[in-house]
Amino acid sequence: MNSWPADRPSPLWRSLSRERFSSAPLSGNHRADVVVVGGGIAGLTTALELNARGRSVVVLEAASVGAGASGRANGQVIAALTRYGPDAIRQTLGKPFLELLSSAADRLFGLVDRYGINCDAQRTGWLQPAHTPRRAARVKAMAAQWVACGAPARALDREEMAARIGSDAYCGGWEHRGGGHINPYAFTVGLARAAAGEGVVIHENCPVTALTFKDGLWRADAMGGTVSAPRVVLATAAHTGDLWPGLRRTIVPVTSYQAATVPLGAMAAAILPGDEAFSDTRQDLRYMRKDREGRIVSGGALALQVAASTRLPRLISGRLGQFRPELAALPIEHVWGGRIAMTVDRLPHLHRTENGLATWIGCNGRGLALACAMAQVLADAVCDVPDAELALRPTPLATVPLHPFVSRTARMILPWLRWQDSREV
Ligand SMILES: Cc1cc2nc3c(=O)[nH]c(=O)nc-3n(C[C@H](O)[C@H](O)[C@H](O)COP(=O)(O)OP(=O)(O)OC[C@H]3O[C@@H](n4cnc5c(N)ncnc54)[C@H](O)[C@@H]3O)c2cc1C
């Protein structure tokens with residue numbers, strides 16, 4: 001397993017979470033229909049889906065549920081991919097996947113409602129402000145494509161966007177009213193509580209160290225015991241190790257940092273007054289949402305990781321000041337980080353073997369809602385639905401060229417992306 005530094009600070013979301021979950025350690029040898037490796041949103045929603053189809057499921061999580069990206073995310077619920085609009089998605093991944101993606105936010109908020117998950121869910125919409133007139137024209141066209149798909153989307157002009165976000169730093173953009181934001185840690189823990197309540201067996205602090213296949217059964221060797229099952233779902237995302245040799249080399253794991261200000265107090269009413277979440281059109285993305293206590297939660301990446309806990313707040317304060325000058329002096333109270341699985345084509349990939357192992361990987365920073373939708377595809381994949389009938393067609397593992405070099409140096413592309421962003425301005 002690819003572990004992360006133990007001293008990485010715990011996300012703000014943990015201290016705000018009203019959802020709690022704990023599990024018994026794995027002990028001895030067990031049997032199930034499906035073993036799921038990874039207790040993030042992908043693993044837990046897939047476990048719920050399989051359980052609903054009558055399969056017995058055991059989830060094995062190396063640390064605690066929500067310890068990965070799921071508990072560390074910004075919490076924006078976005079039913080769209082970063083780089084591609086509906087037309088391009090239909091062309092590259094097919095109509096069934098586009099329909100699945102379109103339903104992703106409904107699925108996430110549906111789980112919140114069905115299981116009463118206390119995660120400060122706000123379905124207030126998602127905005128994409130454009131940082132240049134050219135980008136504004138491009139996202140306007142994108143909004144029209146989403147409207148044609150039946151999505152509750154709309155292009156916004158400069159004034160409308162300024163009123164919605166509380167800053168005139170942008171040239172318009174578009175909104176998707178199906179989106180919103182959640183406390184992602186509380187959502188993940190709530191999923192674990194719901195899954196356990198439905199009969200899914202979950203073991204935390206249980207890193208799977210080996211997966212072997214013999215006589216029609218997979219055996220997951222983990223701390224404390226083993227679980228054998230004819231089907232396995234790997235939901236290890238950017239923390240993927242070598243359980244499926246080659247999978248790790250299909251992605252580039254990128255560290256993304258999060259920063260939360262002190263609560264805004266009276267100023268809160270002026271920033272995102274409608275309480276939407278937003279991510280802009282830059283390649284080096286700028287984004288923010290408020291938490292339930294009125295903090296701005298934003299984030300970014302650093303080309304050099306050294307002294308991140310002091311450099312990141314400086315970066316974010318500078319950006320907040322460009323967004324609205326009085327925000328530059330706002331103290332940053334929390335900083336944490338997490339790992340995102342990036343793919344070269346910026347698309348999610350589904351992989352399966354003939355003997356019952358399946359995974360999807362490559363959220364590219366937009367995986368909260370997508371993971372809830374992909375649960376159906378992963379469940380189909382391990383319930384022997386043929387490739388041609390899956391909403392996302394499986395592909396063979398494709399190694400990122402020069403993977404060891406690229407995964408170590410990928411972040412060095414940031415200055416180049418920032419230069420491109422500024423050149424457009
Ligand atoms: C800083 C940050 C901000 C983000 N912001 C957003 C956002 O605003 N909106 C959005 O849509 N997406 C966002 N994302 C992406 C989103 O968080 C992820 O796509 C999503 O949470 C992935 O869920 P997952 O279950 O696939 O992976 P994870 O939550 O990473 O779960 C994988 C789990 O597998 C476990 N694991 C790994 N190896 C083993 C093993 N050998 N044995 C047992 N368990 C193992 C890990 O401990 C981990 O808990 C963000 C990501 C980061 C890091």
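This is a short exchange on how terms are applied to a predicted model.

User: What kind of model is this, and which atoms and residues count?

Analyst: The model is predicted: local features need pLDDT of at least 70, side-chain atom pairs count only at pLDDT 80 or more, and totals for chains, interfaces and linings use all residues. Residues are numbered from 1 along each chain as its sequence is written, and side-chain values use heavy atoms, with hydrogens and water left out.

User: Which residues come nearest to the ligand?

Analyst: Ala42, Glu61, Ser70, Gln76 and Cys363 do, out of 36 residues around the ligand. A residue is near a molecule or strand if one of its heavy atoms lies within 4 Å of it.

User: Which element gives the largest share of the shell around the ligand?

Analyst: β18, with three residues. The elements giving two or more residues are α2 (41-52), β14 (252-261) and β18 (332-342). Helices (H or I, at least four residues) and strands (E, at least two) are DSSP runs, numbered from the N terminus.

User: How do the shell residues divide by type, and what sets the classes?

Analyst: There are 18 nonpolar, 14 polar and four charged residues. Ala, Val, Leu, Ile, Met, Phe, Trp, Tyr, Cys and Pro count as nonpolar, Asp, Glu, Lys and Arg as charged, and the others, Gly among them, as polar.

User: Why is the pair of Trp126 and Trp174 called edge-to-face?

Analyst: Rings of Phe, Tyr and Trp (its six-membered ring) pair if their centres lie within 6.5 Å; planes under 30 degrees apart count as stacked, over 60 as edge-to-face and the rest as tilted. Trp126 and Trp174 stand 5.7 Å centre to centre with 85 degrees between the planes, so the pair is edge-to-face. The pair links strand β5 (residues 126-129) to strand β7 (residues 173-176), with Trp126 and Trp174 48 residues apart.

User: Why is the pair of Phe213 and Trp218 called tilted?

Analyst: The ring centres of Phe213 and Trp218 are 5.0 Å apart and the planes are at 55 degrees, so the pair is tilted.

User: Why is Trp218 called buried, but Phe213 partly exposed?

Analyst: Buried means under 20% relative accessible area, exposed over 50%, partly exposed in between (1.4 Å probe, protein chains only). Trp218 has 7%, so Trp218 is buried. Phe213 has 36%, so Phe213 is partly exposed.

User: How do you know that Asn205 is exposed?

Analyst: The relative accessible area of Asn205 is 52%, so Asn205 is exposed. Asn205 sits in the loop between β9 (201-203) and β10 (208-214). Phi of Asn205 is near 50 degrees, a positive value in a residue other than glycine.

User: What makes Arg346 partly exposed?

Analyst: Its relative accessible area is 27%, so Arg346 is partly exposed. Arg346 lies in the loop between β18 and β19 (349-352).
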